[in-house]
Amino acid sequence: MLKISHKQIVLLLVIAMGAIISVGMVHAQDDGSDCSVDVSSDVEPQDNSDVSFAIILPNARGDRSFIDSAAAGAERAIAELGVEGTIIETAGVQEHDAAVRRAVQDEPDLVITIAVDESIISEIVEEFPDQKFAAQETFFTEIPDVDNLALFNILTHENSYLAGIAAGMLSRTGIVGAVGGGDFPGINLFIQGYEEGVLSVCPDCTVLRSYVGGSNPFSDPVRAKELALSMYADGADILFQVAGRSGEGVLEAANETGNFAIGVDSNQDDTFPGTVIVSAMKRVDNAVFSFVESMVNDTYTPGTTNVGLAEGFAGLSWDDGICSRTFDENGPEDLVEKLPAVREAIAEAREGILSGDIVVTNVLFEEFDSGD
Amino acid sequence: MLKRLQIVGGHAAIPLFAVLLGLVVGSFFVFLAGANPIQVYDQLFCEGFGSRGCETFDDLLIVEAENDDGELETHFAPFYGERGHGMAIVLEKATPLILTALAATIAFKAGMFSIGMDGQLVLGALMAGFLGYWIPDQIYAATGVADFEAASSVMRTVMHIVVPTLAISAAMIVGAIYSWFAGFLKVKLNVNVLISTIILNAIAVQFVGYMINFPLRADFNNIARTRAIDDSAWLVPFTRGLFSEIEWFRGSRTGVGIIIALIAAFVIWFYLWRSTSGYEQRMTSGSSLFARFSGIATEKAALRAMLISGALSGLAGAIMILGVERRIVDGFASSGTGFDGVLVAILARESIAGIVLVAMFFAGLQQGAINLQFGDLPRQLGGIIIALIILFSAMENFFRETMSRIRHRIAPDAMTQTSDDAVPVESG
């Protein structure tokens, strides 16, 4: 007979509990908010099971922002277009290369990469000339001259400008801020546009900036929260988060201190109703969907595509119908009163941008090859 | 001979039993996640160690795959390399694990519980990554040649030998010095090695992160990174050099690194078990006082072990950069390869042959876990299964005692036999 002591039983229970929690986390991935784009049922599901794709996500899902948006696009493509799709999560940069190579091994029609580093992409597209690639959020100092790579850049300086107008008009203290993932053009594109938007309606306003940085800039909510708390303590009352999952920390800090925040990438207005004023949307989901669609329609073209506000790939959550009025219902009265005026100003600015009267600085292509 | 076989069998039985137990307990969690354990394990091992067309355990040995005409062909799986083989990636991933596990073993065998491999590895990587473009720059500037393409073939050959050698040596020296520091603190000031190496790791990781993000940052890419190393410093992978025709290696960046790692394993085995210095340091680990009274310079032996340990970790970092990554990207420093090496060393019970096997097993499981997603299974399941296998492997003594207790109950006469087995056997 095996004699098991109390200590051993306790140890086993602790192990079991730990493991159950981990499994719980496996399940907890799919807590999409109500505002996520739902798969519309009126679209006839097509059958394109001979078309296949694989998508490599730069980090685990669950940021309720950039990565979830990309995954949602892939899921929508699988559901609506009836294609075969594989969604691959990675745990950071060190896994990207192996994941892309493994995806190529299955020889899908298209390999989609999201925010995978330039050096990895340019090496792999040359190594596998017969495999078609589509890259979203990879910026090149020099775009490789190959015909199996489609690049897609969503330019977000203009919609960030619109979000900046909201911040500038709604700020009570005259101090607003932005928390970015890291200090580089892909993020400063948002922040620069935002800053210009704020100053266009409130020339005396101060715009603070801070960056999460560190070894995990886009999934470090704790650090982002600390940054946000100190900025709120410095008198800022509206913060724009441009930091993926780290940004959840900013939203939380806003909620805790009774201040306000602006969401990014996905519609985050509902994460903390009454705290998140508006979200600067970047429709990565539509980009992913259009990649897959191009395979189905046989319209895949290598080269670079730059889209933004005009093409509908960047915008504000307020543009959306159903759940775009969360702040109107939950926000404090003095700010809600101002909202119609804010919307009017934004509509005006939007027209100005589209007609070319207002030019927002694009810091991205000061550093990178625009492909034009 | 039979006795020896019995001992080896006894050594292998418990790790195998631990793996099996890990899989059995793991299947409980697989059920919780709503998947089929058999399917998960097939996928885990096929993705890790299998060839194309591998779907079940049997396919790891004999695999059937469609050829270009759509006919089924039977292949001997380990040699079937169409579209690349899982083992080729295992070799790539196992290289740094073998080297850091050797580093850990050397330190443990001198009675120093150093887990500083991670810090030494990232510092070595930084050194190699920096020299990988800095030395060629100096050479080009001195000779007036524009770049590697423009150099003459003689110059290329010379540079291909000199630059990596210098970069690797520098990385090993940096690792060795950093490791020696922890040893020095222990020997002279009696600072606990475990604690000092944990702290030194943190310092090294932060320092390398800073260097990548600020002084050595090459451009304004989304992810901070250093400049790519020059082609002359590149330890060209097999797929692009020696064996470019062999499909087996496709998709993997295995290169000369794995050969260096295996040579290092042999050298370390020789040093530990066949040399006087190795004997001295093992004595130091076994009983420090006894060793000192026998006339062994224990402090020197311990410091020497730490130097070798650090050099091996630095070598691992250099190979990862010069052979695989070709530049240091932010996030490399905190990926924890050095810790995995310590884990491998502990699981291999400090046996050199065991390290090579366990490192490959570990690398394959890790890769398989990530690739579970290609069968629409959550990757976290793989992590749980690996953790369980490690946990059960670490319970070695518990199993050993339980087994001998059971054996006693079945055949009390065999008592003398079992106590004999329980003596750890010192062999490579």
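Contact here means heavy atoms within 4.5 Å. With that in hand, welcome to a predicted model in which chain A and chain B share an interface burying about 4,000 Å². Within chain B, helix H4 (residues 117–143) packs against helix H5 (residues 153–189). Confidence averages a pLDDT of 86 in chain A and 87 in chain B.

**The H4–H5 pair in chain B**

- The two helices pack at an angle of about 145°, and their axes lie 8 Å apart.
- H4(B) makes a right-handed crossing as it passes H5(B).
- On the H4(B) side, the residues in contact include B:Gly119, B:Leu123, B:Met127, B:Leu131, B:Ile135, B:Pro136 and B:Tyr140.
- Their partners in H5(B) include B:Met155, B:Met159, B:Val163, B:Leu166, B:Ala170, B:Val174 and B:Tyr178.
- Sorted by type, the residues of this helix contact come to 17 nonpolar and six polar, with no charged residue.

**Where chain A meets chain B**

- Chain A brings 48 residues to the contact, and chain B brings 37 residues.
- Carbon and sulfur atoms give 53% of the buried area of about 4,000 Å².
- Eight salt bridges are found across the interface of chain A and chain B.
- B:Arg225 pairs with A:Asp117 in a salt bridge, with the closest N and O atoms 2.6 Å apart.

- Over all chains, the salt bridges number 29.
- Inside chain A, the side chains of A:Arg61 and A:Glu75 form one of them, at 2.6 Å from N to O.
- This pair links distant parts of the chain, 14 residues apart: A:Arg61 sits in the loop between strand S1 (52–57) and helix H2 (66–81) of chain A, while A:Glu75 belongs to helix H2 of chain A.

- In chain B, 95% of the residues reach a pLDDT of 70 or more.
- Confidence in chain B is highest in helix H7 (residues 256–274), with a mean of 96, and lowest in helix H15 (residues 415–422), with a mean of 47.
- Residues 417–428 of chain B have a pLDDT below 50, and this stretch has 17 contacts in the model beyond near neighbours in sequence.
- In chain A, 87% of the residues score at least 70.
- Residues 24–33 of chain A also have a pLDDT below 50, with six contacts in the model beyond near neighbours in sequence.

Technical notes: Residues numbered from 1 in each chain as written. Chains lettered and ligands numbered in written order. Predicted model: local features only at pLDDT ≥ 70, side-chain atom pairs only at ≥ 80, totals over all residues. Heavy atoms only, no water. Axes fitted to C-alpha atoms, helices over the stretch in contact; angles between N-to-C directions. Helix = DSSP H or I, 4+ residues; strand = E, 2+ residues; numbered from the N terminus. Left-handed = near helix turned anticlockwise from the far one by under 90°. Nonpolar A, V, L, I, M, F, W, Y, C, P; charged D, E, K, R; others polar. pLDDT = per-residue confidence, 0-100. Buried area = accessible area lost by both parts, 1.4 Å probe. Salt bridge = Lys/Arg side-chain N within 4 Å of Asp/Glu carboxyl O.
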